[in-house]
Amino acid sequence: MNRYCELNDGDVIRPHYAGCQGKRYVCVPMLADGEVMGNLHMDLGTFNGGNSAKEVSAEWVDNLLKLATVAADQIALALANLKLRATLQYHSTRDSLTQLYNRRYFVETLEREILRAARSDKPLGVLVIDIDNFKRYNDTHGHEAGDHVLREFGRVLRQSLRGSDIASRHGGEEFVVMLPESSSEDAFARADQIRTQIAGITLEFRGERLG
C-alpha cells in the first residue's frame, strides 16, 4: 500500500492531497491491527532542499519510503493505544445497558461537585428517579422487554441533559441526575420536564406495545 506519487494537473485531488498538486510526495497508510488510522503524507521537498520537483534517485526514494513506513507504524501504534485507552475509560465509567454513567463514577463525581459547590457558594441539585411499575413490566413481558424499557429511558434521559449535568443508572430501575448550579426551584422544574418527556414515550417491543 506504500505509494510514491507525482500529481499532475489532470489528476483527481483526494481530500488528504489538498494543496499538493504538482508536487511529489510519499503517502504511507498508518495501519494498526489491520485498521487504517490515517495516512502519513510527506512532501519530498521537505527532504530535498525545499524543492519537491527536483529529480531524485530511486535509492533515495526507497530510503525515504522505509523511513516513512517506520514512522507510520509507530504513529499508528500510538494512535491505536490512545483509542484503546479512551474505549476502556469509556466502558469503565458507563452502564453498558443505558450508556449513562455508572454508580461508581457518579459517587466519585458527586464528592468533587459537592466540594466545588461549597467553594463557589453555588447550589447543586440532585434528582433521584425511579421507574414506576418496572417489576410488573419484567414479570409481564420478560427481562428482555425490561431491558428495552431501561435503554429507552436512558436515551430520553440523555437527550434531556445539559452539558454540565451528569446522569447515572444507580441500580436496577433507579437513576440519579446531578444538576450543577441548579437551585431547588430549578431542580423541581427539571424533574417535571423529565417526567413529562418520559410520560410521552410510546414503547413497543417485538411488535407488542408495553404499558
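This is a predicted model: local features need pLDDT of at least 70, side-chain atom pairs count only at pLDDT 80 or more; totals for chains, interfaces and linings use all residues.
Phe134, Asn138 and His141 of helix H3 are in contact with His143, Ala145, Gly146, Val149 and Leu150 of helix H4. Sorted by class, this contact between H3 and H4 comprises 4 nonpolar, 4 polar and no charged residues.

**The H3 and H4 pair**

Two packed helices are described by the angle between their axes and the distance between the axes. For H3 (residues 134–141) and H4 (residues 143–159), the axes come within 7 Å and cross at roughly 140 degrees. H3 is therefore oblique to H4, since only angles over 145 degrees would count as roughly antiparallel. Just after H3, Gly142 adopts a positive phi of about 100 degrees.

The buried residues of H3 include Phe134, Tyr137 and Asn138. Viewed down the axis of H3, its buried residues fall within an arc of 95 degrees, so they line one face of the helix. An α-helix has 3.6 residues a turn, so residues three or four places apart point the same way. Lys135, Asp139 and Thr140 are exposed and sit on the face of H3 turned away from its buried side.

An open sheet is formed by 3 strands in the order E4-E6-E5, with antiparallel pairing. Strand E4 (124–130) and strand E5 (166–171) are the edge strands, each pairing on one side only. From one strand to the next, the twist averages 20 degrees.

E4 and E6 run antiparallel and are joined by 7 bridges, while E5 and strand E6 (residues 174–180) pair in the antiparallel sense over 5 bridges. The table lists bridge partners found in E6.

| Residue | Bridge partner in E6 |
|---|---|
| Gly125 | Leu179 |
| Ala167 | Val177 |
| Ser168 | Val176 |

H4 packs on the sheet and touches E4, E5 and E6, its direction making about 10 degrees with that of E6. Helix H5 (residues 184–199) also packs on the sheet, touching E4 and E6, and its direction makes about 30 degrees with that of E4.

E5 and E6 form a hairpin with 2 residues between them, and Gly172 in the turn has a positive phi of about 60 degrees.

In a regular strand the side chains alternate between the two faces of the sheet.

Ser182 belongs to the loop between E6 and H5. Is Ser182 buried or exposed? Its relative accessible area is 3%, so Ser182 is buried, the cut-off for burial being under 20%. Leaving aside residues up to four places away in sequence, Ser182 touches Pro123, Leu124, Gly125 and Arg162. The C-alpha atoms of Ser182 and Val126 are separated by 8.8 Å, although the two residues are 56 residues apart along the chain.

**The loop between H1 and H2**

Asp95 is located in the loop between H1 and H2. With a relative accessibility of 13%, Asp95 counts as buried. Not counting residues up to four places away in sequence, the contacts of Asp95 are Leu100, Tyr101, Asn102 and Arg169.

Gln99 also lies in the loop between helix H1 (58–93) and helix H2 (103–120). At 28% relative accessibility, Gln99 counts as partly exposed, because that category covers the range between under 20% for buried and over 50% for exposed.

Most residues other than glycine have a negative phi. Which positive value does phi of Gln99 take? Phi of Gln99 is near 65 degrees, in a residue other than glycine. Asp33, likewise not a glycine, has a positive phi of about 55 degrees. Asp33 is placed in the loop between strand E2 (24–32) and strand E3 (35–43). Its relative accessible area of 85% makes Asp33 exposed.

Definitions and conventions
Residues are numbered from 1 along each chain as its sequence is written. Side-chain values use heavy atoms; hydrogens and water are left out. Helices (H or I, at least four residues) and strands (E, at least two) are DSSP runs, numbered from the N terminus. Buried means under 20% relative accessible area, exposed over 50%, partly exposed in between (1.4 Å probe, protein chains only). Contact means heavy atoms within 4.5 Å. Axes are lines fitted to C-alpha atoms, for helices over the stretch in contact, and angles run from 0 to 180 degrees between N-to-C directions. Angles under 35 degrees count as roughly parallel, over 145 as roughly antiparallel, 65 to 115 as roughly perpendicular and the rest as oblique. Ala, Val, Leu, Ile, Met, Phe, Trp, Tyr, Cys and Pro count as nonpolar, Asp, Glu, Lys and Arg as charged, and the others, Gly among them, as polar. Two strands pair if DSSP finds at least two bridges between them. The arc is that of the directions from the helix axis to the C-beta atoms.
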